[in-house]
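Hi everyone, thanks for coming. Let me put the structure up, and then we can walk through it together.

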Amino acid sequence: MATQTTAIPSRPTFLQVAVALQTLAIFFQATTAGLLLSSSYGEVLHSVGARVMYAASMVYLLAAVLAWRPGGGSPRSILYASGFLVLASIQVVLGVTHRPALHVPLGVLMFGLSVLALGRLLSARVQERSGARR
């Protein structure tokens, strides 16, 4: 009796790369937030990082839609990505209006949520790979 196996891609998916990029962009923002207090170029780096982080959130949403549509994946990633884009929009507004009492905790929350999303995607990948080997 022949068993049918499906190949699990060894390369990371576009969705995984998008979430990793977003997580790194938010970590960069935390680093440059500290530079705001200690250097003259901190504001420029934080401003550029904000644009990169916002773009990474949009790429995450695009990747979630692309992963769901052709592959029939779960639409849950779209919900997560949409929520994250809303949080990123609020974060930008809070930063522009100079409200650090809300901006900083929201940034910490966003980093935590992004790490959780990345961990969820990577653990699902590990489970798929280990399940395919059995």
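Which pattern does the protein chain follow, read along the sequence? The pattern is α-α-α-α, and the secondary structure comes to four helices and zero strands. Helices here are DSSP runs of H or I with at least four residues, strands are E runs of at least two, and both are numbered from the N terminus.

A word on the source: this is a predicted model, where local features need pLDDT of at least 70, side-chain atom pairs count only at pLDDT 80 or more, and totals for chains, interfaces and linings use all residues. Residues are numbered from 1 along each chain as its sequence is written, and side-chain values use heavy atoms, leaving out hydrogens and water.

Of the 134 residues in the protein chain, 28% are buried. Buried means under 20% relative accessible area, exposed means over 50%, and partly exposed is in between, with a 1.4 Å probe and protein chains only.

Now to the rings. The structure holds one aromatic pair: the ring centres of Phe27 and Phe111 are 6.0 Å apart and the planes are at 40°, so the pair is tilted. Phe27 sits in helix α1 (residues 14-38) and Phe111 in helix α4 (residues 100-133), 84 residues apart. For the cut-offs, rings of Phe, Tyr and Trp (its six-membered ring) pair with centres within 6.5 Å; planes under 30 degrees apart are stacked, over 60 edge-to-face, and the rest tilted. Phe111 is partly exposed, at 31% relative accessibility.

Finally, Ser82 belongs to helix α3 (residues 76-96). With a relative accessible area of 29%, Ser82 is partly exposed too.
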